[in-house]
Amino acid sequence: LVVVGLGFLVAKGVHSSMLPRHDEPWSSAALVLLGPLGLHSLPWHGACALLAASLHRCKRQIFAVLVLVAYVILVALGALVAGLDCKNDGKRSDGTDCPQALAVPGRWQWQLLGCSLWAVLAGWCGYRQLSALKTSPRRSGRYMPVDEDILESQVPPAATRLPQPDPYVTRLPQGYGPQMYQPGGLYKYVKSRH
């Protein structure tokens, strides 16, 4: 999302085939970065993220980060191969059509630049997040002593505490539940009406 937005901002001033077209919708420029599979590539991105999350405890964080951005790098490499192999008119040097499984036809430059920037940004952010997880106090397993005097001063004395209800007794709102029998209750009511 950030890369597509930055690409559009730069494309407003600079017209280049390496940037999104300034007259196209934002969603189509974002779909180019997903590669030829389009929205069908989202499960592959999710699989890479899940695998990276499971590998974040490894000794080398760079391995987890590479797995995190693996599919983005694969899409960028597909665009590079298609760009080196094909001419601008969509044909190879021998006259056959360019492989559409590698890059979005006619948009390989934006796919290569956008995916490269996406991989760098996602890799940097992923490395920072994994580094934060590695150095967090919960992860270190060290015991942190608690000053009990401070905790006791924050608890009110027993005389000011309200009695705690019995957790095993069912409490119904007033007016619900079994009616209590009062001798002469209905009789007194009927007699008072006559």
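Residues are numbered from 1 along each chain as its sequence is written, and side-chain values use heavy atoms, with hydrogens and water left out. As the model is predicted, local features require a pLDDT of at least 70 and side-chain atom pairs count only at pLDDT 80 or more, whereas totals for chains, interfaces and linings use all residues.

Helices (H or I, at least four residues) and strands (E, at least two) are DSSP runs, numbered from the N terminus. Of its 194 residues, 25% are buried; buried denotes under 20% relative accessible area, exposed over 50%, and partly exposed the range in between (1.4 Å probe, protein chains only). Among contacts with a separation of 6 or more, 60% involve residues 24 or more positions apart, a contact being heavy atoms within 4.5 Å.

The accessible surface of the chain is about 15,000 Å², and carbon and sulfur atoms contribute 64% of this area. Accessible areas were computed by the Shrake-Rupley method with a 1.4 Å probe; for residues, only the protein chains shown count as cover. Ile62, Phe63, Leu66, Ile73, Leu77, Leu80, Leu84 and Tyr127 form a nonpolar surface patch of about 770 Å². Two or more patch residues come from each of α4 (61–68) and α5 (70–85), with α5 giving the most, four residues. Patches are built from residues with over 30% relative accessible area and no salt bridge, like charges being joined within 9 Å and nonpolar side chains (Val, Leu, Ile, Met, Phe, Trp, Tyr) within 5 Å. Leu80, a member of the patch, lies in α5 and is partly exposed at 31% relative accessible area.

Leu68 is located in α4 and is also partly exposed, with a relative accessibility of 29%. Beyond its neighbours within four places in sequence, Leu68 contacts Cys48, Ala49, Ala52, Ala122 and Gly126.

Helix α1 (residues 2–13) comprises twelve residues and spans 18 Å from its first C-alpha to its last, close to the expected 16 Å; the expected span is 1.5 Å times one less than the number of residues. Val3, Val4, Gly7, Phe8 and Ala11 are the buried residues of α1. They lie on the same side of the helix, because they cover an arc of only 135° around its axis, the arc being that of the directions from the helix axis to the C-beta atoms. Val2, Leu9, Lys12 and Gly13 are exposed on the other side of α1. The buried residues of α1 pack against α2 (26–33) and α6 (108–134).

Within α6, Gln111 is buried, with a relative accessible area of 0%. Excluding residues up to four places away in sequence, its contacts are Val32, Leu33, Gly35, Pro36, Val75, Ala79, Leu102, Ala103 and Val104.

One salt bridge was counted, defined as a side-chain nitrogen of Lys or Arg within 4 Å of a carboxyl oxygen of Asp or Glu. Glu24 pairs with Arg107, with 3.1 Å between the closest N and O atoms. Glu24 lies in the loop between α1 and α2 and Arg107 in the loop between α5 and α6, so the pair ties together parts 83 residues apart in sequence. Both Glu24 and Arg107 are buried.
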